[in-house]
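Colleague: I have the file open and would like to go through it slowly with you. Could you take me through the contacts and the sheet, and explain the terms as we go?

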Amino acid sequence: MTLFDKSVVCNRCGQRFALKDSCSGTVRDGDLEVQYFSCPACGAKYHILTTDSTMRELIERRKAVLLKLKAARAKRFRERVFQKYLREHEQIKKVQEKIFPELKAQGEKLLCGGEPGE
């Protein structure tokens with residue numbers, strides 16, 4: 001299965017390839033879970049996302065709020081309720097944005113031995 005419609009070019013070897021399930025993987029180290037894809041020609045690994053239990057819980061909470069927002073739109077909830085859901089979504093997003101850089105750095109270090117972008 002192809003993950004994206006467009007192909008990508010490997011920064012290391014220049015090979016063009018489609019992102020397929022066979023190119024993706026996950027590395028776990030304790031609470032960290034690093035998702036990545038790799039070049040089928042040279043094996044270069046590219047970081048997609050790093051999560052820990054806190055980020056995974058925030059992702060689930062954000063998904064739940066997005067479902068509430070969708071229902072609020074479809075059922076024409078009061079504006080006050082809709083705005084409450086929007087604020088909750090934004091609060092979760094801010095927390096995620098705050099912890100993301102550290103998680104990304106940890107994930108890239110785990111994935112590439114401390115050499116981001118490889």
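Modeller: Let us begin with Arg-56, which forms a salt bridge with Asp-31, the closest N and O atoms being 3.0 Å apart. A salt bridge here is a side-chain nitrogen of Lys or Arg within 4 Å of a carboxyl oxygen of Asp or Glu. Arg-56 lies in helix α1 and Asp-31 in the loop between β3 and β4, so the pair ties together parts that are 25 residues apart in sequence. This is a predicted model, in which local features need pLDDT of at least 70 and side-chain atom pairs count only at pLDDT 80 or more, while totals for chains, interfaces and linings use all residues. Residues are numbered from 1 along each chain as its sequence is written, and side-chain values use heavy atoms, with hydrogens and water left out.

Colleague: And how are the helices and strands defined?

Modeller: They are DSSP runs numbered from the N terminus, with helices being H or I of at least four residues and strands being E of at least two.

Colleague: OK, new topic. In what order do the strands of the open sheet come?

Modeller: Three strands form that sheet in the order β3-β4-β5, and the pairing is antiparallel; two strands pair if DSSP finds at least two bridges between them. β3 (24-29) and β5 stand at the edges with a single partner strand each, so one side of each is left without a neighbour in the sheet. From one strand to the next, the twist averages 25°. Angles like this one run from 0 to 180 degrees between N-to-C directions, and the axes are lines fitted to C-alpha atoms, for helices over the stretch in contact.

Colleague: What does His-47 touch, leaving aside its neighbours within four places in sequence?

Modeller: His-47 lies in strand β5 (residues 45-51) and is in contact (heavy atoms within 4.5 Å) with several residues, including Tyr-36, Lys-104 and Leu-111. At 18% relative accessibility, His-47 counts as buried.

Colleague: Which aromatic rings cluster?

Modeller: Phe-17, Phe-37 and Tyr-46 form one aromatic cluster. Rings of Phe, Tyr and Trp (its six-membered ring) pair if their centres lie within 6.5 Å, and planes under 30 degrees apart count as stacked, over 60 as edge-to-face and the rest as tilted. By this rule the count comes to two aromatic pairs. Phe-17 and Phe-37 form a tilted pair, at 6.3 Å centre to centre and 55° between the planes. Phe-17 lies in strand β2 (residues 16-20) and Phe-37 in strand β4, so the pair ties together parts that are 20 residues apart in sequence. The rings of Phe-37 and Tyr-46 have centres 5.2 Å apart and planes at 20°, so that pair is stacked.

Colleague: Last one: where is Arg-76?

Modeller: Arg-76 sits in the loop between α1 (53-74) and α2 (79-112), and Arg-76 is exposed, with a relative accessible area of 75%. The phi of Arg-76 is near 55°, a positive value in a residue other than glycine.

Definitions and conventions
Buried < 20%, exposed > 50% of the residue type's maximum accessible area, 1.4 Å probe, protein only.
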